[in-house]
Every structure is written in C-alpha cells, then in structure tokens.
Amino acid sequence: QVDLIVNPAVRDTFRKRALIQSKLRRMLDDMGFLEIETPVLQSQPGGAEAKPFETYHKSLDMELTLRIATELHLKRLVIGGFERVYELGRIFR
C-alpha cells in the first residue's frame, strides 16, 4: 500500500492494466461476444495438468479446488448455443 502512495510508476501500472482490460472488454462486446463469469471453486479439478490448490468449504462440509482453467465451462456454453463467449477471469496455477 505504501508503494502505491510513494511510487507513481506503480500507480501508473494499475491504471494501464485497468485501461487495457476496459478496452479489451469493449472490443469483444462490440464484436458480439458475451462476457461470462465461471465458478472459481470447483468440486472436481479439470481443464489443465497443473496441480490445483485445494481448500475446504466449512459451511458446505466439502473439499474444493481453485480452478486452473476456464475453458471447460466456456466450452459447455458454446455447446449450449452461446457461440461467442469470453471471460477475463483469475486462473490459479
């Protein structure tokens, strides 16, 4: 946090990243793509060969993993009729 206060270059990096994401979203939206948010926690890992991070959901009494790929959910949407989808999501590898 202090780095953000005293270092203008760090603040500039955050601004540039936000601008890039905004322009990318706008471009994809203008091309007819639909932004989708897919689950971050999964009951079964899949979509890549990386070893997923494991966690435990106490309220649900359930072992879960953080996703290592978004493509499985996006592919299901394409198969279900959404031909143009994208996600600017977090990947945990």
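This is a predicted model: local features need pLDDT of at least 70, side-chain atom pairs count only at pLDDT 80 or more; totals for chains, interfaces and linings use all residues.

**Exercise 1.** Work out where threonine 70 lies and whether it is buried or exposed.

*Solution.* Start with the location: threonine 70 is in the loop that links strand S4 (62-66) to helix H3 (71-79). Next, check its accessibility. Buried means under 20% relative accessible area. Threonine 70 has 14% relative accessibility, so it counts as buried. Finally, look at who is around: setting aside neighbours within four places in sequence, threonine 70 is in contact with Thr38, Glu87 and Ile91.

**Exercise 2.** Find out which residues leucine 66 touches, leaving out those up to four places away in sequence.

*Solution.* First, find leucine 66 in strand S4. Now list its contacts, skipping residues up to four places away: they are Val40, Leu41, Pro52, Phe53 and Phe92. Take valine 40 from that list. Valine 40 and leucine 66 are 26 residues apart along the chain, yet their C-alpha atoms are separated by 5.7 Å. And the accessibility? Leucine 66 has a relative accessible area of 22%, so it is partly exposed.

**Exercise 3.** Count the salt bridges, then describe the one between aspartate 12 and lysine 16.

*Solution.* The count comes to three salt bridges. In this one, the side chains of aspartate 12 and lysine 16 meet at 3.2 Å, N to O. Now see where they sit: both are in helix H2 (residues 8-30), and because they are four residues apart there, about one helical turn separates them. As for aspartate 12, its relative accessibility is 31%, so it counts as partly exposed.

**Exercise 4.** Explain which parts of the chain are tied together by the pairs glutamate 35 with arginine 25 and arginine 67 with glutamate 87.

*Solution.* Take glutamate 35 and arginine 25 to begin with: they form a salt bridge whose closest N and O atoms are 2.9 Å apart. Glutamate 35 is in strand S1 (residues 34-35) and arginine 25 in helix H2, so this pair ties together parts ten residues apart in sequence. Glutamate 35 is partly exposed at 33% relative accessible area, and arginine 25 is partly exposed at 28%.

Then turn to arginine 67 and glutamate 87, whose side chains meet in a salt bridge at 3.1 Å, N to O. Arginine 67 lies in the loop between S4 and H3, while glutamate 87 is in the segment after strand S5 (85-86), so the pair ties together parts 20 residues apart in sequence. To finish, check burial: arginine 67 and glutamate 87 are both buried.

Terms used:
Residues are numbered from 1 along each chain as its sequence is written. Side-chain values use heavy atoms; hydrogens and water are left out. Helices (H or I, at least four residues) and strands (E, at least two) are DSSP runs, numbered from the N terminus. Buried means under 20% relative accessible area, exposed over 50%, partly exposed in between (1.4 Å probe, protein chains only). Contact means heavy atoms within 4.5 Å. A salt bridge is a side-chain nitrogen of Lys or Arg within 4 Å of a carboxyl oxygen of Asp or Glu.
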